[in-house]
Amino acid sequence: MSARTPLRPLAVALPFVLASGLLAGCTSTKSSGAGASDVQLVAKGKLTVCTHLPYAPFQFKKSGEIVGFDVDLMDLVAKELKVDQKIVDTPWEGIQSGEDLNANKCDAAAAGMTINDVRKKNLDFSAPYFDATQALIAKKGAKYSSLKDLKGKKLGVQASTTGEEYAKKKAPKGVELVQFEDVALLLTAVKSGQVAAGINDNGVLYDYVKTNRDTEVTTEFDTGEQYGFGVRKGNAALRKQIDEALKKAKSDGTYDKIYKKWFGTAPEK
C-alpha cells in the first residue's frame with residue numbers, strides 16, 4: 001500500500017499447557033499469575049531479556065537507559081514474576097536463531113521479532129502482541145512507490161530479517177541489495193545516499209522519519225507480520241507467564257497506555 005497503515009495491536013488470549021519439566025542450570029522463581037507455577041530464570045531475581053539495539057521505538061538507548069515499547073511490556077512480565085528486568089544487547093543472529101536462549105544467555109527475547117515458521121523451529125513464541133508490515137524509506141521527494149522503481153539502484157536491507165527475505169523474493173532484476181548488520185547502519189546509508197532506499201518494519205521507519213525530516217516512508221508492503229516474544233524451546237512456563245501478562249495488560253488498559261506512550265496515538269480497535 002502507498003499510504004501509511006495505522007499500527008494495530010492484537011488481542012492476546014491463548015492458554016498454553018504448562019510443561020512439567022524443569023531446565024537444568026537455571027534458578028527458579030514463583031510466578032504470581034493465574035495457575036502459578038515455577039518459572040526457571042537464568043539469574044536469580046532477574047528476568048534476563050535479549051534484544052538488539054537500536055530498534056526504536058521498541059528498544060533503544062535514551063539518556064544511557066534502554067527504553068521502548070518492548071521494554072515496557074517485558075517490565076509487566078517481570079512485575080508478575082516479582083523480579084527486575086535485565087536487558088542484554090546482543091547480535092541479532094543469536095536472537096532470531098534461538099542460540100542465545102539455548103545457551104542460557106537470556107530467558108526471553110524481545111526485539112521486535114516477527115513470528116515465522118523458520119524461527120518457530122528454533123524458539124517458542126508468545127502470543128502475538130503487535131501487527132507489523134514491511135515499508136520502504138528513502139530521501140524526501142523520492143518517488144519510489146514499488147520495488148520496481150528501484151531498478152538500477154541500491155536497496156538497503158538488514159541481515160536475517162523478514163525485510164531482507166521480502167526483498168530477495170520481490171525485488172526485480174536490476175535492484176542491487178546491500179546488506180547491513182543493523183537498522184541504524186541501514187538508515188544512515190539511506191540518509192547519506194549510500195543506498196537509494198531501505199526496507200524494514202514500518203513501525204521503526206515511521207519512528208525514524210519523525211526526527212529525520214529529510215527522509216520519508218514512500219510505501220508499505222502488506223506482509224501480514226506479527227511480533228512475538230521468544231523463549232527457549234519447551235519453556236512453556238515462561239511463555240505462559242508472558243501471555244498472561246499481555247492478556248492482563250490488554251484487559252485493564254495498560255497495553256493501550258504503553259502503546260500511546262511510544263506511538264503517539266491510541267491503538268486502532
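Trainee: How do β3 and β7 pair, parallel or antiparallel, and over how many bridges?

Mentor: Let's start with the general idea. Strands of a sheet pair through backbone hydrogen bonds, and they may run parallel or antiparallel. In this predicted model, β3 and β7 pair in the parallel sense, over two bridges. You can find the spot by looking for Val49, which stands opposite Ala108 in β7.

Trainee: Which strand do six bridges join to β3?

Mentor: That is β6, and the two run parallel. Look for Leu47 in the structure: its bridge partner in β6 is Gln85.

Trainee: In what order do the strands of this open sheet come?

Mentor: The order is β6-β3-β7-β14-β8, five strands with mixed pairing. At the edges stand β6 (84-89) and β8 (124-125); each has a single partner strand, so one side of each lacks a neighbour in the sheet. For β8, two bridges join it to strand β14 (residues 230-231), and these strands run antiparallel. There, Asp124 stands opposite Val231 in β14.

Trainee: How many of the residues of β3 are buried?

Mentor: Five of its six residues are, so β3 is largely enclosed by the rest of the structure. One of the buried residues here is Cys50, with a relative accessible area of 0%.

Trainee: Which cysteine forms a disulfide with Cys50?

Mentor: Its partner is Cys106, and the two sulfur atoms are 2.3 Å apart. The count for the model comes to one disulfide. The torsion about the S-S bond of Cys50 and Cys106 is about -105 degrees, so this disulfide is left-handed. The pair ties together distant parts of the chain: Cys50 belongs to strand β3 (residues 46-51), while Cys106 sits in the loop between α3 (99-102) and β7 (108-109), 56 residues apart. Cys106 is also buried, with a relative accessible area of 0%.

Trainee: Let's turn to the rings. How many aromatic pairs does a search of the whole structure find?

Mentor: First, the way to read them: a pair of aromatic rings is described by the distance of the centres and the angle of the planes. The search of the whole structure finds 19 aromatic pairs. Take Phe130 and Phe263: their ring centres are 5.3 Å apart and their planes are at 25 degrees, so the pair is stacked. Here too, distant parts of the chain are linked, with Phe130 in strand β9 (residues 130-139) and Phe263 in helix α9 (residues 254-263), 133 residues apart.

Trainee: Is Phe130 buried or exposed?

Mentor: Phe130 is buried, with a relative accessible area of 0%. Phe263 is buried too, and its relative accessible area is 9%. Both rings belong to one aromatic cluster, whose members include Tyr55, Phe58, Tyr129, Tyr255 and Tyr259.

Trainee: How many residues of β9 are buried?

Mentor: Nine of its 10 residues are buried, which leaves β9 mostly covered. Now look at its pairing. Nine bridges join β9 to β13, and they run antiparallel; Ala135 has Glu220 as its bridge partner in β13. β9 also pairs with β12 in the antiparallel sense, over five bridges, and Gln134 stands opposite Asp201 in β12.

Trainee: Where is Gln158 found?

Mentor: You will see Gln158 in strand β10 (residues 154-158). Gln158 is buried, with a relative accessible area of 4%. Its side chain makes a polar contact with the side chain of Asn200, at 3.1 Å. Leaving aside neighbours within four places in sequence, Gln158 is also in contact with residues including His52, Tyr55, Glu164 and Phe180. Two of those names have come up already: Tyr55 is in the aromatic cluster, and Glu164 is among the buried residues of α5.

Terms used
Residues are numbered from 1 along each chain as its sequence is written. This is a predicted model: local features need pLDDT of at least 70, side-chain atom pairs count only at pLDDT 80 or more; totals for chains, interfaces and linings use all residues. Side-chain values use heavy atoms; hydrogens and water are left out. Rings of Phe, Tyr and Trp (its six-membered ring) pair if their centres lie within 6.5 Å; planes under 30 degrees apart count as stacked, over 60 as edge-to-face and the rest as tilted. Helices (H or I, at least four residues) and strands (E, at least two) are DSSP runs, numbered from the N terminus. Buried means under 20% relative accessible area, exposed over 50%, partly exposed in between (1.4 Å probe, protein chains only). A polar contact is a pair of N or O atoms within 3.5 Å; within protein, one must be able to donate a hydrogen and the other to accept it, and residues adjacent in sequence count only if both atoms are side-chain atoms. Contact means heavy atoms within 4.5 Å. A disulfide is a pair of cysteine sulfur atoms within 2.5 Å. Two strands pair if DSSP finds at least two bridges between them.
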